[in-house]
Amino acid sequence: MKKTTNYQLNQWEKTDRILMDDFNADNAKLETALTALNRSAHFQTLFDETLAEDTNHFAVPLSSIDWSQWRTLLFEFHPAADTSSMLYICRNGMETENFALLPNTYPSRLILLPFGCGDFMVTSIFIGGGDNRHRSYPNITFSQLHSIDISRTSSSNDCLKAGSRIVLLGEMM
């Protein structure tokens, strides 16, 4: 029986006896190769939600994340309409830090940099509407993060509009 050059997959000819074991061996090779390819992909979607209705508050949970698996996390907020809102990081279920005022009409991005270590202090980069900044939290580690929250500002009657999209992507180690 012939084999492919790169992955040694079976290539049957009319005279070859076809066996289930050969198919299973090829499927195992494909599974291994696809798994490795998936892990090497730059970013994987961890969370993606479009708001179905207006709301004053929305939280993206982080407590189940195994920080040892992730080099970078990218949080994106795409507002559906003009809205004035604040971005918070939350430790142990409580709002810890008022991180940034989100721009009214432009997408915002918060890049978290755990580099595979939940014991590292939270280090991040915020990009949004000209308000770009690097920030570290010396008293908060990644493993203590509970969520990333978006809330309307207290000085505004705005809310998070239906159709706004919230995405969390991760780049594996």
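A salt bridge here is a side-chain nitrogen of Lys or Arg sitting within 4 Å of a carboxyl oxygen of Asp or Glu. With that in hand, let's look at this model, which is a predicted one.

**Charged pairs**

Side chains of opposite charge can pair when their charged atoms come close. Searching the whole structure turns up four salt bridges. Here are three of them, including how far apart the atoms sit.

| Salt bridge | N to O distance |
|---|---|
| Lys2 and Glu13 | 3.5 Å |
| Arg71 and Glu171 | 4.0 Å |
| Arg109 and Glu76 | 3.2 Å |

Start with Lys2 and Glu13, a salt bridge with its closest N and O atoms 3.5 Å apart. Lys2 belongs to strand S1, while Glu13 is in the loop between strand S2 and helix H1, so this pair ties together parts 11 residues apart in sequence. Glu13 itself is partly exposed, at 37% relative accessible area.

Next come Arg71 and Glu171, whose side chains meet in a salt bridge at 4.0 Å, N to O. This one links distant parts of the chain: Arg71 is in strand S5 and Glu171 in strand S12, 100 residues apart. Glu171, at 19%, counts as buried, because the cut-off for that is under 20%.

Strand S5 turns up again with Glu76, which pairs with Arg109 of strand S8, 33 residues away. Glu76 is buried at 13% relative accessibility, and Arg109 is partly exposed at 29%.

**Aromatic pairs**

Now for the rings. A pair of aromatic rings is described by the distance of the centres and the angle of the planes. How many aromatic pairs does the model have? The count comes to two.

One of them is Phe47 with Phe58, a tilted pair with 6.1 Å from centre to centre and 55° between the planes. Phe47 is in strand S3 and Phe58 in strand S4, so the pair ties together parts 11 residues apart in sequence. Phe47 is buried, with 18% relative accessibility, and Phe58 is buried too, with 14%.

Trp67 and Phe142 make another tilted pair, with ring centres 5.1 Å apart and planes at 40°. Both of these residues are in loops: Trp67 between S4 and strand S5, Phe142 between strand S10 and strand S11. That puts them 75 residues apart, so to speak linking distant parts of the chain. Trp67 is buried at 4% relative accessible area, and Phe142 is buried at 0%.

Key:
Residues numbered from 1 in each chain as written. Predicted model: local features only at pLDDT ≥ 70, side-chain atom pairs only at ≥ 80, totals over all residues. Heavy atoms only, no water. Phe/Tyr/Trp six-rings, centres within 6.5 Å; stacked < 30°, edge-to-face > 60°. Helix = DSSP H or I, 4+ residues; strand = E, 2+ residues; numbered from the N terminus. Buried < 20%, exposed > 50% of the residue type's maximum accessible area, 1.4 Å probe, protein only.
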